[in-house]
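Please look over the sequence and the model before reading on.

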Amino acid sequence: MSLTDPQVRHIAKLARIELADGQLERTRDALGSMLGLIEQLQAIDTTGVEPMAHATDLVLRLRDDAISETDHRSDYQAVAPAVENGLYLVPKVIE
């Protein structure tokens, strides 16, 4: 697909990219090759192909849901400035 200079400048403006005059041709070629790749992908016949969530069929290995750390809650709350019913109390920041 061939893009015109005004189209390339418009795309650069939408992307908030400052485009110098010397970069115009290189940017036009790069955008044209990207659009050409998209056209190739759209031309592929995908009838009968099931959608996939991932490119490979992965199976997640799950570990046992077991406690691995000891409970330090009472130790942590013992040094807290203010605790009530097992919750940390903090100063009110919004009036």
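The model is predicted. Its largest nonpolar core has six residues, and the structure holds two salt bridges.

**Nonpolar core**
- The core residues are Leu 3, Val 8, Ala 12, Leu 19, Leu 24 and Leu 31.
- Two elements, α1 (5-14) and α2 (24-42), each give two or more residues to this core.
- In soluble globular proteins, nonpolar side chains tend to be buried together.

**Contacts of Leu 24**
- Neighbours within four places in sequence are set aside here.
- Leu 24 then touches Asp 5, Val 8, Arg 9 and Leu 19.
- Val 8 and Leu 19 also belong to the core.

- Asp 5 pairs with Arg 28, with the closest N and O atoms 2.2 Å apart.
- Asp 5 lies in helix α1 and Arg 28 in helix α2, so the bridge ties together parts 23 residues apart in sequence.
- Asp 5 is partly exposed, at 33% relative accessible area.
- Arg 28 is partly exposed too, at 22%.

**Salt bridge from loop to helix**
- Arg 9 and Asp 21 form a salt bridge through their side chains, at 2.7 Å from N to O.
- Asp 21 sits in the loop between α1 and α2, while Arg 9 is in helix α1, twelve residues apart.
- Asp 21 counts as exposed, at 62% relative accessibility.
- Arg 9 counts as partly exposed, at 36%.

Terms used:
Residues are numbered from 1 along each chain as its sequence is written. This is a predicted model: local features need pLDDT of at least 70, side-chain atom pairs count only at pLDDT 80 or more; totals for chains, interfaces and linings use all residues. Side-chain values use heavy atoms; hydrogens and water are left out. A nonpolar core is a set of buried Ala, Val, Leu, Ile, Met, Phe, Trp, Tyr and Cys residues joined through side-chain atoms within 4.5 Å. Buried means under 20% relative accessible area, exposed over 50%, partly exposed in between (1.4 Å probe, protein chains only). Helices (H or I, at least four residues) and strands (E, at least two) are DSSP runs, numbered from the N terminus. Contact means heavy atoms within 4.5 Å. A salt bridge is a side-chain nitrogen of Lys or Arg within 4 Å of a carboxyl oxygen of Asp or Glu.
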